[in-house]
Amino acid sequence: MIRLVLFDIDGTLIQSGGAGEKAFAHVCASQFGVPNGTQHLSFAGRTDPGIIREFFQQHGIEPSAENFRRFLDAYVFFLDHLLAKIDGRVLPGVRDMIREWCALPQPPVMGLLTGNIRLGARLKLGHYLLWEEFQTGAFGDDHEDRNQVAAVARERGCRLLGKKLRGEEILVIGDTPLDIACARAIDAKVLAVATGKFGVEELRPHKPDWAVETLEAIPVRELCR
């Protein structure tokens, strides 16, 4: 039985129209004087602090606590502004899948497992009226390493349930190879969905338990077997 379901955000729950990456770019230019500062950065499946650290390394900027705070404070300001201006959407099957999980006789705890910092996650999901669907989660400001974020998400889920969970009782749902890797780091089952930057044929070699085009393609009852 699945007792804890952990969703990634970008490319899995929502498509924000690139609001997060655009907010990063605004910070690079306005706060650190680097136009096109995101040009050589990879975002998919990574933590916000990890991406920021790579930006600092590429441009010889001191990765101090003060610079991280400066970056993130400006980032959430721009993100909030951009979410209101850029068209995005909740991805296919998301709301129905959440309803299906919640309708089970013993519904699992619904959580988040994301590289977004907590405030960024709240801004994004709040904009699409999804934030209140989740009871727990772990975020990029919990740890820079995505696999360690997964460990924090598992621990918080266990604490909420009042029991130690086996790997087969946890399901991670994400859209990148790094989501699959962090699920395996906590011995969880993993559903890979091709609504982000990777197609099904790119996700399957990483050996998820299931790989689907959209969350519409798989009923919750199949995930509970």
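Predicted model: local features only at pLDDT ≥ 70, side-chain atom pairs only at ≥ 80, totals over all residues.
The buried residues of helix α3 pack against α1 (19-32), α2 (48-58) and α5 (118-127).

**Helix α3 and its neighbours**

Helix α3 covers residues 65-83, 19 residues in total. From its first C-alpha to its last it reaches 27 Å, close to the 27 Å expected at 1.5 Å a residue. Which of its residues are buried? They are N67, F68, F71, L72, A74, Y75, V76, F78, L79, L82 and L83. An α-helix has 3.6 residues a turn, so residues three or four places apart point the same way. Look for that spacing as you read along the buried residues of α3.

The axes of α2 and α3 come within 11 Å and cross at roughly 120°. Their crossing is right-handed. On the α2 side, the contact uses D48, P49, I52, R53, F55 and F56. On the α3 side, N67, F68, F71, L72 and Y75 meet them. These five α3 residues are also among the buried ones.

**The sheet**

Next comes the sheet. Six strands form it, in the order β5-β4-β1-β6-β7-β8. The sheet is open, and the pairing is parallel. Its edge strands are β5 (136-138) and β8 (210-212), and each of these pairs on one side only. From one strand to the next, the twist averages 20°.

Helix α4 (residues 94-103) touches β1, β4 (109-113), β6 and β7. The direction of α4 makes about 165° with that of β1. Helix α7 touches β4, β6 and β7. The direction of α7 makes about 175° with that of β7.

**Strand β6**

Strand β6 spans residues 170-174. Why is β6 largely enclosed by the rest of the structure? Five of its five residues are buried, so the strand is largely enclosed. In a regular strand the side chains alternate between the two faces of the sheet. In β6, I170, V172 and G174 lie on one side, while L171 and I173 lie on the other. Both faces are covered, and these residues are all buried.

In the order of the sheet, β6 sits between β1 and β7. Strand β1 (residues 4-7) pairs with β6 in the parallel sense, over four bridges. Here L4 stands opposite I170, and L6 stands opposite V172. Strand β7 (residues 189-193) also runs parallel to β6, and four bridges join the two. In this pairing, L171 has K189 as its bridge partner.

**Helix α7**

How does the chain get from β6 to β7? Helix α7 (residues 177-185) belongs to the path: β6, α7 and β7 make a right-handed β-α-β unit. The buried residues of α7 are P177, D179, I180, C182 and A183. What covers these residues includes β4, α6 (146-161), β6, β7 and α8 (200-203).

D187 follows α7. It lies in the loop between α7 and β7.

**Residues in the loops**

Most residues other than glycine have a negative phi, and most peptide bonds are trans. Two residues here have a positive phi although neither is a glycine: N36 and D187.

Is T38 buried or exposed? T38 is buried, with a relative accessible area of 18%. The cut-off for buried is under 20%, so T38 falls below it. Not counting residues up to four places away in sequence, T38 touches E21, F24, A25, C28 and F43.

Definitions and conventions:
Residues numbered from 1 in each chain as written. Heavy atoms only, no water. Buried < 20%, exposed > 50% of the residue type's maximum accessible area, 1.4 Å probe, protein only. Pairing = 2+ DSSP bridges. Right-handed = clockwise from strand over helix to strand, strands pointing away. Expected span 1.5 Å × (residues − 1). Contact = heavy atoms within 4.5 Å. Axes fitted to C-alpha atoms, helices over the stretch in contact; angles between N-to-C directions. Left-handed = near helix turned anticlockwise from the far one by under 90°.
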